[in-house]
Amino acid sequence: MTMAKVMPFTLDVVRAGIQTTVQDLGRGGYRHLGVAQSGALDAPALMLANRLVNNPAHLAGLEIVIGPFSLRFSRAGWFALCGADFDATLDGVPVRSGWRSQAAAGQSLVLRGPKNGMRVYLAVDGGIAVPEVLGSRATDIAGKFGGFFGRALQNGDRLPLGMVSAGTECDRAVGCLQRVWTPELRVLPGPEYHEFDAAAQQSFWNQAWCVSHQSNRMGYRLQGEPLHRIVKDDLLSHAVLPGVIQVPPNGLPIVLLADAQATGGYPRIGVVIEADLWKLAQAAPGTRFFVLFRPIWRRRRRRKKNGSRNNIVWNGVYMENKRTIDLNADLGEGASCDEAILGCVSSANIACGGHAGDPASMRTAVQLARRHGVAIGAHPSFPDREHFGRNEMNLPLSQVLDTVSMQIQALREIVTQEGALLTHVKPHGALYNQARARPRSGAGDRAGSGGN
């Protein structure tokens, strides 16, 4: 008797888009052999999408660029989209970015294009189970290996799905607050920084750089005023890695990304810190996007006579190394002392329309927080102005999620317009108490996350 062959469950690609690839967090330990890292350009977005569907962070998903893109599920399961905010539907029903959603077998997911950003990451419970190559499932397009036959996806491809581990099954839709994109990239001066004259160094930090069309997963070329190098000697080949900013002879910087080569010969004026590389992944070349480099100077410790290292020199300034405490204050609730308080705290929680606050008060609070250099957070609550959000309201879960989401989004839009960053969420009053007492409730999942 012959046994019927069991076909694996798949994601069936209907419309592949421009450069959709299978990516995970990349392959490490092979740069000495000339093997690129590869992996998701916006790694935090892929990790977040995996977390939403209860996958380990390293499992493979899809990196979808610009769109349009569509696929069909061959089995029921859960999926999440994180990163750029795409216009997405599941059988015509809108799908929210940053949320876990359920798909039935045979349903079609369609992504028409981004409302903002450039790359969105699709994670499916169980992950995409293409074979590992050198310990990773990431696609190396230049090397033509990894991912799905070492290439970008094509119409008709069928991607195998992994098995969902016992105890990790999803049972309901949950969401999270995604990061707010800002144009600042934090940079450490590179080994050849001193080879550029003072005018070039100032220009590097102070001018706004535009992303060129001649950019890809290997590196982003930037357009602006060329940088003048005063040392004319050629450099020996040296190691490079994602984040390194090279300056070729034309003086226009190149920021290396995940598919970058292992060695290079151009001077390295700086290095973008890993935590900010995702911002480049969401910058579409050719748009009116600007990169603003912000310097981070290395900290070195000065040893005391007794041999301890309790004092430091920061950017040339001698300071005592004291422990710090994060003090926060609630703003935009109608008090007249908001600005005076900001001189004493390191973070602020801004009322965003539930118990208090309106667009005008939110904008004023954001501007004050920026002026004083404190971290900005959202302060949502039950929609209870009469009792200042102090009474717990017996609302349906969906209504709690919607009202909290709308409050946070209203503040996010103002924060983005003011060129700032929303870093945290602190629920107010009864909503805070409910989130603390019942962390599995909707308020705990959404508002009590403290996400950034």
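In this predicted model, strand β14, which spans residues 244–246, pairs with strand β17 in the antiparallel sense, and the pairing runs over three bridges. Within that pairing, Ile 245 has Gly 270 of β17 as its bridge partner. Strand β17 itself covers residues 268–272 and is mostly covered, since four of its five residues are buried. Another strand, β10 (residues 184–189), also pairs with β17 in the antiparallel sense, again over three bridges, and here Val 187 stands opposite Val 272 of β17.

Leaving aside residues up to four places away in sequence, Val 272 touches Leu 185, Arg 186, Val 187, Gly 243, Ile 245, Val 255, Leu 277 and Phe 293. Several of these names return when we turn to the largest nonpolar core, which holds 42 residues, and in which Phe 204, Leu 227, Ile 245, Ile 269, Val 272 and Phe 293 touch the most other members. The largest share of this core, four residues, is supplied by α1. As a general background, nonpolar side chains in soluble globular proteins tend to be buried together.

The largest pocket contains about 1000 Å³ of space. It is lined by 35 residues, and those closest to its centre are Asp 85, Asn 116, Gln 178, Gln 409 and Arg 412. Among the elements that each supply at least two residues of this lining are the strands β5 (77–90), β6 (93–95) and β8 (108–124), together with the helix α6 (397–417), and β5 gives the largest share, with seven residues. Sorted by class, the lining of the largest pocket has 15 nonpolar, 11 polar and nine charged residues.

The second largest pocket holds about 670 Å³ of space. Of the 25 residues that line this second pocket, Thr 182, Arg 186, Lys 279, Leu 421 and Thr 423 are the closest to its centre. Two or more lining residues come from each of α1 (43–52), β10, α3 (277–281), α5 (359–372), β24 (375–379) and β25 (422–425), while by class the lining divides into 13 nonpolar, six polar and six charged residues.

Methods: Residues numbered from 1 in each chain as written. Predicted model: local features only at pLDDT ≥ 70, side-chain atom pairs only at ≥ 80, totals over all residues. Heavy atoms only, no water. Buried < 20%, exposed > 50% of the residue type's maximum accessible area, 1.4 Å probe, protein only. Pairing = 2+ DSSP bridges. 1 Å grid on protein atoms, 1.4 Å probe; cavity = no way out; pocket = protein on both sides within 12 Å on 5 of 7 lines; lining within 4 Å. Points joined across faces, edges and corners; volume = space filled by probe spheres on them. Nonpolar A, V, L, I, M, F, W, Y, C, P; charged D, E, K, R; others polar. Core = buried A, V, L, I, M, F, W, Y, C linked by side-chain atoms within 4.5 Å. Contact = heavy atoms within 4.5 Å.
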